[in-house]
Amino acid sequence: NWLDTSGHAEGFLTARWTYTDTPDEADWPVISGYKLPFADVLSRLPADTPSISPEQRRANLAMRQRHVTKRFRAF
């Protein structure tokens with residue numbers, strides 16, 4: 001996976017996963033990450049990774065924001 005900062009220069013990241021029963025600590029997922037220059041992003045993705053235009057991304061984010069607004073609206 002990758003992280004989209006949505007234009008924010010700072011923030012925090014947390015990981016979550018759900019189990020019906022807590023597994024042994026040895027079986028917990030291993031989480032890692034790294035920061036790389038924007039120019040290097042495409043070279044780290046699979047060749048068949050889809051790409052969208054800035055306009056498509058703005059439309060996608062606007063749709064997600066409408067869904068969040070609807071989900072957390074006050075009745």
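1. A pocket, as the word is used here, is an open set of grid points with protein on both sides within 12 Å along at least five of seven lines. Keep that in mind as you look at this predicted model. Its second largest pocket holds about 520 Å³ of space.

2. Which residues lie nearest the centre of that second largest pocket? They are Leu3, Asp4, Thr5, Ser6 and His8, out of a lining of 16 residues. By type, the lining of this pocket divides into 7 nonpolar, 5 polar and 4 charged residues.

3. Now step back to the whole chain. It has 2 helices and 0 strands. Its radius of gyration is 17 Å, well over the 11 Å that the globule rule gives for 75 residues, so the chain is more spread out than a compact globule. If you turn the model along its principal axes, the C-alpha atoms fill a box of roughly 45 × 45 × 25 Å.

4. How much of the chain is buried? Buried residues make up 0% of the 75 residues. Leu36 has a relative accessible area of 25%, so it is partly exposed. Ser53 is also at 25% relative accessibility and therefore counts as partly exposed.

5. Let us stay with Leu36 for a moment. You will find Leu36 in the segment before α1, the helix that covers 41–44. Leaving aside residues up to four places away in sequence, Leu36 touches Val41 and Arg44. Leu61, by contrast, is 25 residues from Leu36 in sequence, and their C-alpha atoms are 23 Å apart in space.

6. Ser53 sits in the loop between α1 and α2. For a sense of distance, pick out Asp27 as well: Ser53 and Asp27 are 26 residues apart in sequence, and from C-alpha to C-alpha they are 40 Å apart in space.

7. Finally, have a look for salt bridges. How many does a search of the whole structure find? The search finds 1. In a salt bridge, the side chains of Glu55 and Arg58 meet at 3.6 Å, N to O. Both belong to helix α2 (residues 54–71), and because they are 3 residues apart there, about one helical turn separates them. Is Arg58 buried or exposed? At 52% relative accessibility, Arg58 counts as exposed, given that the cut-off for that word is over 50%.

Terms used:
Residues are numbered from 1 along each chain as its sequence is written. This is a predicted model: local features need pLDDT of at least 70, side-chain atom pairs count only at pLDDT 80 or more; totals for chains, interfaces and linings use all residues. Side-chain values use heavy atoms; hydrogens and water are left out. On a 1 Å grid over the protein atoms alone, a cavity is a set of points where a 1.4 Å probe fits but cannot get out, and a pocket is an open set with protein on both sides within 12 Å along at least five of seven lines; lining residues have an atom within 4 Å of a point. Grid points are joined across faces, edges and corners, and a volume is the space filled by probe spheres set on the points. Ala, Val, Leu, Ile, Met, Phe, Trp, Tyr, Cys and Pro count as nonpolar, Asp, Glu, Lys and Arg as charged, and the others, Gly among them, as polar. Helices (H or I, at least four residues) and strands (E, at least two) are DSSP runs, numbered from the N terminus. Buried means under 20% relative accessible area, exposed over 50%, partly exposed in between (1.4 Å probe, protein chains only). Contact means heavy atoms within 4.5 Å. A salt bridge is a side-chain nitrogen of Lys or Arg within 4 Å of a carboxyl oxygen of Asp or Glu. The radius of gyration is taken over C-alpha atoms; the globule rule is 2.2 Å times the number of residues to the power 0.38.
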